[in-house]
Each structure stands twice: as structure tokens, then as C-alpha cells.
Amino acid sequence: MTTFIHTDTTAKSAKQGVLSRFGISGSDMLAPGALIALVLVCCIVNPNVLTVFGLTLVLSSAIPLALASLAQMYVVLVGDIDLGNGAAIGLVTTIVATLLIPHPVVAIIALAAVIALYALSGLLVQTRRIPAIIVTLGASFVWLGIALIVLPSPGGTVPHWLVLSATTVIPGIPYPILIAAAIALVGWLISMRTRYGAVIRAGGASPDAVGRAGWSMTRVRMTAYGLAGFFIVAAGLFVAGATGSGDAQSSSDYTLLAVASVVLGGGRFSGGRATPIGTVCGALAVSVAGSMLALIGVPSDYQTGMQGLILLAVLAGRVITDRKSA
Amino acid sequence: MTSTIEQPDLDRQRSFGRRLTALTSDRPWVWAYLGSVLMWIAICVINGRLSFGVVTAVFALAPFLVLAGIGQMFVITLGGGSIDLTVSNVITLTAFAAAEISAAANGNVALGILAVVVIGVLVGGLNAGVILGLKVPPIVATLAAGLILQSAVNVIAGLGTSTPSPALADFTQSRVLGISVLGAVCVAVAVLAGIFLRRSITGRRMQAFGQNAIAARLSGVSRGRVVLIAYLISGVLAAIAGALLGAFSGPNVALGDPYQLNSIAVVVLGGTLIAGGRSNVAGIWGAGLFLLLLNTLLNSLNVGVAAQDIVKGILIILVLSVMSGRRER
């Protein structure tokens, strides 16, 4: 196992030096670059964006997306994709809004069950060799169904501490940037500083090598999916805190936006390559792109389409950069 | 290293060959029809009488799902994670587009259908273009295309109330001797699709590509061509299904939503291998009838929409687990 870490860091540090210590490779610079460019555009349109309040406002939607994107990233790392991401976040918000105040223990068990079911779907994908697309798409309907039973129409009540932790304004420093940095740090610690973090990255790149090194791919995939479940619960908590309510359906967009964030953050769908820092930057860029579209006056009807076009543009840009480096 | 990675694939190919000889080629779709019969018996037991009306009703409702499913099947045939996630968006979009254009052209149904086919071709072309040109997995490409279509739906839905052409609406609801005309037409479409898949050179190339992409390419199958054709078929069939469904039940922004999962479900439940290379059109009809009868059964048991979603989601995962398990042996 240690060999993976060694080859990884030595190969990269030869090329990129300092950046590699944080798990950043060349294509990961795409997201920070896009982020800075987008923030600049926003500033030109409305100079107030660069104030603490402005940045807090522009980036506030980025926190749940950053968490959702990390969840997606761990699934992408093992070479799969999660189509149930948004629906599961919706389910978490309904659990939080209905159970957390009256029955905190039940709520915590329910949230733990979401994580366990995620790990279970990883087990299914691995042992039955079913494509992750179908398992997670099927699961998304299960999440939605449960969520609609838990809370048929949007509403419920969210604990005050959760609302506070999602909407706090700290003078002097934009709160969302603080949280985003913390999320990236947690993801980075898991990916780069734990055994399973390294094995998950290796498992996505070369499952056979992991098997020969004595690790069980079943456990690797379950861990990756379990981590995804963990970050989905975190994302759901933030969404519930930010909106002050639960909603089974309003989180469905996170699935697509999280995929976009992972792609923008330099993630590869062949598995093994996706970094938490890149992914969080990708998520920030995707949400700033959304804010920018609103700022420059793109009608809301066209905004989803523009996001699709931006995603395609990023993918096209990557093809060009790949050709140059190859 | 490459050879070791492909080992499981080779194993699958071998056991796939064994399964071919072990089962008759017609067998996978039998399960879908058996399931349908079981559902019908259960419905009859609950109602306490033989309800043939349920069968004809379901036959009239199935065509939309079957058309979308056949398109999805051609895409899934290619294997390697090929999937079309734009089906739901295409259906919603074309439901509106057909109504708007027919209304603008004084009820000219033909013009509406033509426009809808053009939309299908454009979406299929976009999907294939992104997959081939930008080298992204089909799932990402079709998700991105779906985002763009979603905007198109928002825009067209914002135009105002769209009333579908009465002539098309009459056609989707017309029955001869109690049997849906559209249902009969879609049986014919399924037969044609089956012949195209099994007998035409293009159809066989698609299957060959799904069975072993490398071998197929070495024997002269162009990847670009089969990908383009599959997504064009899927786009056009989903577009037509959308126009018909819009005429049948009136366009609304959530009209296509269930079709994202269901179009894949009918393909998988119908015995088509999700890994590609082995497809079955007859099974799509069987699975379409099965899903709709299951809906009817759950409705008559007063099971809510939410619980129906759960049942369907679990059912698809279970069926796949069992089917993949058989393939493993």
C-alpha cells in the first residue's frame, strides 16, 4: 500500500513540486483558474461582490454543493458514478426537518442508515457486477420515495443550531470560504493521509493491483460509497440548515452539478483520479457561475442550459489541454 | 497489466457463450411476460373477477414507454456504459413542441411531427457528437445535454398554455374492437426494430460492437457510425413518444420525468444485457406491460406514488442482481 503513495508523490513532485504535496496536478488548476475568472467577472458586473457580505452571498450556495461534489468524487474515484446523489440529499433534509427535533436518536439512526445503504449499494455494484448507473438510478427512486413518505410536502422544522451553522455571518472573513476550506481539508486528509484514502485512489486506477496487494475490492468500494454517504448526509444537513426546511425534491439538481464540479475539478471517470481540493474548487466555480449568470441578467429559464453549455465547454477545454500535453 | 485488467471481461464472454447454449435465444423475454401474467392474475384476484379491461387499458398506455424503451435499447446495445439520459427531457420538450407547432400551423399534425423528428435528430446528434468529440462517458455527455434541454423545456413551457392537436389526441386514444390502434402500431414498430437489430448489417454491427468493441473495430465496424445511429434512433423515438404522450395526456413540465428510469427499466427487465451486445425487442413490450400492470396493481392496493417509486427502484436493482448472478456462474 505504501508503494502507491510513494510512486504517486514522487512522480508528481518531480513535475509539479510544491503543488503535488496537496494532491494537485496540472489539470486541477482548471477549477481554481475558472473560479478566479468567474469571481472577476462578477466583480466587474457588481463591485459589491468583493466585499465580505458579497462573497458570503455569492458563495453561500457553494457549501452544500461542495459536500455533494465530494460525495460524488468518492464514487467517481472508484470508477463509478452516482445518479442518486441529489435524491439522497433530499431524503436527508426530510429526515432532519421531521425527526431531528422530536426524536434526535431516531434521526441519527436514520442518517446512519443512509450511509449504510450507500455502502450496501457499493457492495452490490462490486459483488454482483451491476453497473453503478443502474444501481444508483434505481436507488434514487428509493430515496425519493422514502423522502416523500417521510415528508410529503416541503416544510418541517430544523433545529436552530443547524440553521445558525449554515447561515452564520462572521465579520471580516466570508464564512462560506472558511467552511469550503474546512471541507477541502477534511477531504484531503481522508484521501491523502489515511490508508483507505490511498487504497481507494489505487482501486479506481487499477483494481487488480489492489487485489494482488491483498486488499479486498469489495471493502474498498464499500468504503468509497460509505464516504459518499457520509458527505451526502453532511450536504443534506447544510441544505436543511440553509433553507430551514426539508424538501424531498428540490435537491435533485445536485446530482448534475456535483458531476460538473468533479469534472471541473480535474476528476477522470476512468477512476483513480480526482482530488478533494480540485473538486471543492470546482464546486465553488460551478456555484459562482450560477451567481454570475444571475448577475449578468440571464433569465432563470436559460440558466440550467447555460450550466450545461459551461460543462460541455470545460470538457472541450480538457480535450484540447490533453492533446497539448500528450 | 492490460491483459490482467481484461481478464474478468474474457471470463464473462466465456460464460456468456455458455449461457447462449444453455438457454434458448428466446428465453430472457419470457420472464417479463410471465411477470405480466402474474400481475394480471393478482389484479383479478383483488378485483374478484376476470378483468380483461385492464389488459386493453394497459395495452393503450404502453406504447409511449415501449417507443422510448426501444430507443434506449439501441443505445444500451453498444455496451461500455452506453446510456441515454436525455430521454426524459426529450419527451417533455417534444410534448410541448408538437402541441405548439401544430397549433401555430392551424392543427397541421404532420408539421408538428416533422419538427419533433428534427428535435430528436438534433439531440441524438448532440449526444453522439459530445461522446465522440469530447471523449466523455455517455452518462456525462447525456447529462450535460439534458441540462440544455431542461432550459429549452422551461422556455417553451413559459410560452403559455399549449393544447395538443385534437387530431393527434384522437389518434392516440382511438380503438378498434376495443384494441388501441397506437398499441398495434407500436407492436409493428417493435417488430421492425427487431428485424433491423437482427437482420440488418447496421443492427448486427451494433450488437457486435456491444459484445466486443475491439474485435468489432478490427473487423471494420466504425465506432462513430454505430454510436451516431444508436443515439439518433433513441432521440427520434423518444421525440415521437413525447409528441404522442403530449397529445394523449397534455404537456406538462414533469411529463417525461418517470421515463428516465422507466426507459432503462423496460430494457433491463426485458432481458437485454445492460453490458451490451445482446438485446431483445420482444422483452421491451413484455416489460412495459409488466411495469404498467404493476402500477395498476399497486394503485388498486392503494399504494401511494412514493411507495411505488420505492418498489420500482428495488425491483430493478433486484432483477439485475439476479440476472448478473446467473451470468457470473
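Leu122(B) lies in helix α5 of chain B, which spans residues 109-133; helices here are DSSP runs (H or I, at least four residues), numbered from the N terminus. This is a predicted model, in which local features need pLDDT of at least 70, side-chain atom pairs count only at pLDDT 80 or more, and totals for chains, interfaces and linings use all residues. Residues are numbered from 1 along each chain as its sequence is written, chains are lettered from A and ligands numbered from 1 in the order in which they are written, and side-chain values use heavy atoms, with hydrogens and water left out.

Is Leu122(B) buried or exposed? Leu122(B) counts as exposed because its relative accessibility is 58%; the cut-offs are under 20% relative accessible area for buried, over 50% for exposed, and partly exposed in between, with a 1.4 Å probe and protein chains only.

I turn now to chain A. In its helix α4 (residues 52-59), the buried residues are Gly54(A), Leu55(A), Thr56(A), Val58(A) and Leu59(A). Among the elements covering them are α5 (62-77), α10 (175-193) and α15 (276-295) of chain A.

Ser251(A) counts as buried because its relative accessibility is 1%. Which residues does Ser251(A) contact, leaving aside neighbours within four places in sequence? They are Gly86(A), Ile89(A), Gly90(A), Thr93(A) and Val239(A), where contact means heavy atoms within 4.5 Å. Ser251(A) and Ala88(A) are 163 residues apart along the chain, yet 8.4 Å separates their C-alpha atoms.

Note on methods
Helices (H or I, at least four residues) and strands (E, at least two) are DSSP runs, numbered from the N terminus.
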